[in-house]
Amino acid sequence: MPLFITLMVFGMFTFRLLQVESGMQKSLDNASRTMAVTLGNVVNKGESEKDVDTTNDPPTIKGELSEGALEIATIGLAGVEVAKNKVPIEFIDFGPVGINFYETNVEGNYIDLKASYTMTFPVGLLGNFKFDVSQRARCRKWVGYDKAENTTDGRYVYITDHGEAYHTNYYCTYLNPSVHRVAGADLSGKRNQGGGVYYPCEKCKPSTAAKTSVYYITDYGTAYHSDINCNKIKHNIKKVLYEEVKDTMRPCSKCAAGEKH
């Protein structure tokens, strides 16, 4: 019976743990967003096009007081949000005093609000279990319109794990090929859209020894496959920033033709 009761309490404690984490995260998010909008420009001296690194700047009394006031205001607003969202902080060790905001940082262009606390399992039958929790909300201060978001470096393109080109259109036929099933006896007469013949895939290594075999080809491919799940046919498509691949991959000759590389 004691073991059964302990397990029941453990289940209820897990629910409370999730409830505290959920309420705390909501409170941190609301506080950081509010401070980013309302007081984001108090200590920021940057331009809208770039973030400012103030770590090497000589400290000033005015700057230190401004940052200190902003940090205190941010932590205070987080406490207000915790109360507003009715977070059950009684399950946190030492209650509100047990919430640690020491790693919060408001320097530069970001408000980085961090909270850590400990929750202890109330029944010691199975041992003294403690759960250390760290949560974080990071928001960029509102410093105006960022022109970089509408430049070439701010757009996205599509790539595959083994591809050599990036694509501007997710529905490009090179990314999503049309797969056709053909009999081995008909393979020699098949041609792709460019008029080229099909060669054995280097990955799945099909053989034409058996004319009764079934193979798979694509409209724009140059290989035939014995496995429809061959990764030369099926691509794992990823959406990435153009600036991450512009120097290492060429533009697709179909959907990105005419772009400078």
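**Close-up views of a predicted model**

**View 1. Surroundings of Ile 92.** Beyond its neighbours within four places in sequence, Ile 92 is in contact (heavy atoms within 4.5 Å) with Val 20, Met 24, Gly 98, Ile 99, Tyr 117, Thr 118 and Met 119. The model is predicted: local features need pLDDT of at least 70 and side-chain atom pairs count only at pLDDT 80 or more, while totals for chains, interfaces and linings use all residues. Residues are numbered from 1 along each chain as its sequence is written, and side-chain values use heavy atoms, with hydrogens and water left out.

**View 2. The largest nonpolar core has 25 residues.** A nonpolar core is a set of buried Ala, Val, Leu, Ile, Met, Phe, Trp, Tyr and Cys residues joined through side-chain atoms within 4.5 Å. Buried means under 20% relative accessible area, exposed over 50%, and partly exposed in between (1.4 Å probe, protein chains only). Met 24, Leu 28, Ile 92, Ile 99, Phe 101 and Tyr 117 have the most contacts inside this core. At least two of its residues come from each of helix H1 (2-38), H2, E1 and strand E2 (130-140). H1 gives the most, with 7 residues. Helices (H or I, at least four residues) and strands (E, at least two) are DSSP runs, numbered from the N terminus.

**View 3. Another core, of 10 residues, lies apart from the largest one.** Among its members are Val 157, Tyr 166, Cys 172 and Tyr 242.

**View 4. Lys 86 and Phe 94 lie in the loop between H2 and E1.** Helix H2 covers 61-84 and strand E1 covers 110-120. Most residues other than glycine have a negative phi. Lys 86, although not a glycine, has a positive phi of about 55°. Phe 94, also a residue other than glycine, has a positive phi near 70°. Lys 86 is exposed, with a relative accessible area of 72%. Phe 94 is exposed as well, at 75%.

View 5. Along the sequence the pattern is α-α-β-β-β-β-β-β-β-β-β-α-β. The protein chain has 261 residues, of which 31% count as buried. Among its contacts with a separation of 6 or more, 69% are between residues 24 or more positions apart. The protein chain exposes about 16,400 Å², and carbon and sulfur atoms supply 54% of this area. Accessible areas come from the Shrake-Rupley method with a 1.4 Å probe; for residues, only the protein chains shown count as cover.
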